[in-house]
Amino acid sequence: MNAGLGRSAVIAVGIGYLVAITWAMSSVAYDIWGVMIVVPPMTVVTLIGVRRAFANDLRPLVVPMLCGYLLKLGGSAARYWVAFDVYGGSADAGRYHDYGRLMAGRVWSGENNLGSVLPGGTGTQFVERFTSLVYTAIGSSKLTGFVVFGWFGFWGIVLFVKAACIAVPGLAQRRYAYLCAIAPSLVYWPSSIGKEALMLCSLGIATYGIARLLTRAGFLTPLIISAIGVTGAALIRPHIAGVWLAGAFPALLVALGRALSRDQRQARRGVEVLMLISVVAFAAVALVIVGQFALRYLKPGDDQASLTQGITAILEETTRRSDQGGSNFVPPVVSGPQDWPLAVVRTLTRPLLYEARGLFQLLLALELSALIALCALSWRRVLAIPRSILTVPYVAFAMTSLFVAGLAYSSFANLGILTRQKSLVFPLLLLIPCLPLPTPTHIDDPLDAEPERELATVR
């Protein structure tokens, strides 16, 4: 009987879907009803992919991730409404949409070949070409474009959660999964046609690859995964790719120290140490290359300046260019290393409630206030961070990346720009109240740890 009811429900849903899409095709523009073609197969892929990503001991995380997917659809619709109804299409997404529609139309008319829409270039050009490729596949529906880009951002979140679960023993996994799924900054900002969604996806791929490297879950495959993610980020925002490499470098050194100190057979330890040394060297070279690329990207035409002069000029120019609009503020003064800690903390926790001016800033302040309150309630986890940095390589990666990103963002003088950029590191910020508790039985090495069994326990 249950099977019969299930088949009847599926048939009823199918009939309802056909009726709805038939009505939509005759009543509204493709800009709207096109999303009804894309969402069903996208949902099937999501269901299968999430269940495969969180199998066995991680199965309780399927529900929060699927909740995150539904919220992502809502976030994409909200960003679409703001971009084209509130701002009248003057947002960056409008420019990407216009370019993608034009290029996709030329491909379908036979004027251009498929190679003309394959992603290439850097920054804005890369996103324009990527949008053209997406529109060539699904048609030039604005709302559908937002949903598809938001979907890429969602998979970035999935990979952040997966990475933390495999690399941090004792992690409060369900808490972290739910925080990443419902955080407004992650639901809203990386959910439109533009750089944020693609960056979050690329950084998620890079983070997952780094997590596997740090736990020595293979060598070549994690390295390839990391390289794909970092390359994708570097093609869009090379300075953020540099932040990720800067975070990976000390984490690899911690992993190398753990490998040297572990009591295991000499031959196996020698192989692990050799691999980790190779990865550290590779990361150092990649950091230098990406760093130089980022400097040229952010401050072109000044090849004679030193590294320090280049960074100083970039920070000053960023402050000048972002000090516009109604949400501008005075960024913290950074005159030397002694100012770094305060600048990082203020940048990552802006705006606080007393700084909010208007509804938009109030919502941002409420989100950060809730996170600060959760950190206060989880004070034992927060106090254990220094020890975790020295014993868990992934925590060293996350905290270093947060610090470098906070320092890089400290020159922003516009809250809207800061919030969008900060959404890319928000999954690492949400990790803080979910880190392991300092217990006598705390396991230092992820390889010796069993996954957390009581996922429902919230300490």
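Does aspartate 98 count as buried, partly exposed or exposed, and at what relative accessibility? Aspartate 98 counts as partly exposed, because its relative accessibility is 41%. The model is a predicted one. The protein in it has 21 helices and 0 strands.

**Whole protein**

- Of the 459 residues in the protein, 50% are buried.
- Among contacts in the protein with a separation of 6 or more, 74% are between residues 24 or more positions apart.

**Helices α3 and α7**

- Helix α3 spans residues 35-53 and helix α7 spans residues 142-167.
- The axes of α3 and α7 come within 11 Å and cross at roughly 5 degrees. Helix α3 is therefore roughly parallel to α7, as angles under 35 degrees count as roughly parallel.
- By class, 14 nonpolar, 3 polar and 1 charged residues make up the contact of α3 with α7.
- On the α3 side, the contact is formed by Val35, Val38, Val39, Met42, Val45, Thr46, Gly49, Val50 and Ala53.
- On the α7 side, the residues met are Leu143, Thr144, Val147, Val148, Trp151, Phe154, Trp155, Val158 and Lys162.

- Side chains of opposite charge can pair when their charged atoms come close.
- The protein has 4 salt bridges by the rule applied here, a side-chain nitrogen of Lys or Arg within 4 Å of a carboxyl oxygen of Asp or Glu.
- One of them joins the side chains of aspartate 98 and arginine 101, at 3.5 Å from N to O.
- Both residues belong to helix α5 (residues 92-108), where aspartate 98 and arginine 101 are 3 residues apart, about one turn of the helix.
- Arginine 101 counts as partly exposed because its relative accessibility is 44%, and aspartate 98 is also partly exposed, at 41%. The band for this class lies between under 20% for buried and over 50% for exposed.

**Salt bridges of glutamate 355**

- Glutamate 355 forms a salt bridge with arginine 346, and the closest N and O atoms are 2.3 Å apart. Both glutamate 355 and arginine 346 are buried.
- Glutamate 355 also meets arginine 350 in a salt bridge between their side chains, at 3.3 Å from N to O. Arginine 350 is buried, as is glutamate 355.
- Shared partners join Arg346, Arg350 and Glu355 into one network of salt bridges.

Terms used:
Residues numbered from 1 in each chain as written. Predicted model: local features only at pLDDT ≥ 70, side-chain atom pairs only at ≥ 80, totals over all residues. Heavy atoms only, no water. Axes fitted to C-alpha atoms, helices over the stretch in contact; angles between N-to-C directions. Helix = DSSP H or I, 4+ residues; strand = E, 2+ residues; numbered from the N terminus. Parallel < 35°, antiparallel > 145°, perpendicular 65-115°, else oblique. Contact = heavy atoms within 4.5 Å. Nonpolar A, V, L, I, M, F, W, Y, C, P; charged D, E, K, R; others polar. Buried < 20%, exposed > 50% of the residue type's maximum accessible area, 1.4 Å probe, protein only.
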